[in-house]
Every structure is written in C-alpha cells, then in structure tokens.
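Take each task first, then compare your steps with the solution.

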Amino acid sequence: MSIISSLLNHDDPFISMVNMCPVLSTPIDWKETSEAHVFVADLPGLKKEDVKVEVSDGLLQISGERNAENEDDSKDHKWHHAERCRGKFSRSFRLPDNAKADEVKASMENGVLTVTVPKQEVKRPEKKVIAIE
C-alpha cells in the first residue's frame, strides 16, 4: 500500500478506492523458511480478539473487522478526510502440499499478526521403469 501511495498522488481517486477496499488495505507477506511458511499481516489498531485465523481443506483464512468510529461523537465534530479502512476483511491462501495444517500457530503483537505453518517432507512418488513388451 505504501508503495502505491508513494508512486501516485495522495488525492488520486484510485488511492481512495484502494483504501476503501479491505482486501487491498490488509497487506500480508508470505515467506517460506527451511522449517515453515510464515504469514505476517499488518493489522494496526486490532486486538487478537478482533481477528480469526482458520485452516480448512488446505486453505488458510485470516479475517476480522475494523469498526468505524463511534457515530455518537459525530455531533461535535466533522470529518475533513478519512482514509483508514473500516469494515470486514478476509484474506485466503492455498497452502502447499508440504504444509502441516494441523500444527498452525498464530500470535499477535503490536498490531502485527504472525501465522506459522510448519513444513513436512512431501514424499515424491517413486519412479518405476516399465518394461516395454
């Protein structure tokens, strides 16, 4: 998101549309180490109770909701500009065959969610030479 913002003018309508789209404004990195697949999501302002991590049928899903500002306070102020994303978000990733989906761990610190999916060795089918008759 910051790369897009830095490349384009901040008043650009495209940037406004990107900011309104929860999927695009919930950046998630996926890296693979020798021992695990690691997903890191920036979720500023959210607590771990606001986020759900699920694994089902080889699919990792990270979802949650950013609530809007309290509307009761709107009587004593007016908004000039609002860019922060609000509402529900959901991101899904197809896990590779070497993922141990039953051993997924998640932690959250300072608005950064880290999901670790351990890897297992995938047995390759043995190569069998077939005699031609």
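A charge sits over a ring if NZ of Lys or CZ of Arg is within 6 Å of the ring centre and within 35 degrees of the ring normal. This is a predicted model, where local features need pLDDT of at least 70 and side-chain atom pairs pLDDT 80 or more, while totals for chains, interfaces and linings use all residues. Residues are numbered from 1 along each chain as its sequence is written, and side-chain values use heavy atoms, without hydrogens and water.

**Exercise 1.** Find the ring whose face Arg66 lies over.

*Solution.* Go to Arg66 and look for the ring centre at 5.2 Å. The ring belongs to Phe89.

**Exercise 2.** Work out the strand order of the open sheet of 4 strands, and name its edge strands.

*Solution.* Begin with the elements: the protein chain has 2 helices and 7 strands (DSSP runs, H or I of at least four residues for helices and E of at least two for strands, numbered from the N terminus). Next, apply the pairing rule, which asks for at least two DSSP bridges between two strands. The order comes out as β1-β2-β7-β6, with antiparallel pairing. The edge strands, each pairing on one side only, are β1 (28-32) and β6. Now zoom in on β1 and β2 (residues 36-42), which are joined by 5 bridges. One of the residues to check is Glu32, whose bridge partner in β2 is His37.

**Exercise 3.** Trace the aromatic cluster that contains Trp30.

*Solution.* Rings of Phe, Tyr and Trp (its six-membered ring) pair if their centres lie within 6.5 Å; planes under 30 degrees apart are stacked, over 60 edge-to-face and the rest tilted. The count is 3 aromatic pairs. Trp30 and Phe39 have ring centres 4.7 Å apart and planes at 35°, so this pair is tilted. From Phe39, step on to Phe93: this pair is also tilted, with 5.2 Å between centres and 50° between planes. Phe39 is in strand β2 and Phe93 in strand β5, so the pair ties together parts 54 residues apart in sequence.

**Exercise 4.** Decide whether Trp30, Phe39 and Asn98 are buried, partly exposed or exposed.

*Solution.* Buried means under 20% relative accessible area, exposed over 50%, and partly exposed in between (1.4 Å probe, protein chains only). Trp30, at 38%, is partly exposed. Phe39, at 1%, is buried. Asn98 has 15%, so Asn98 is buried. To see its surroundings, list contacts (heavy atoms within 4.5 Å) beyond four places in sequence: Asn98 touches Glu32, His37, Pro118, Lys119, Gln120 and Val122.
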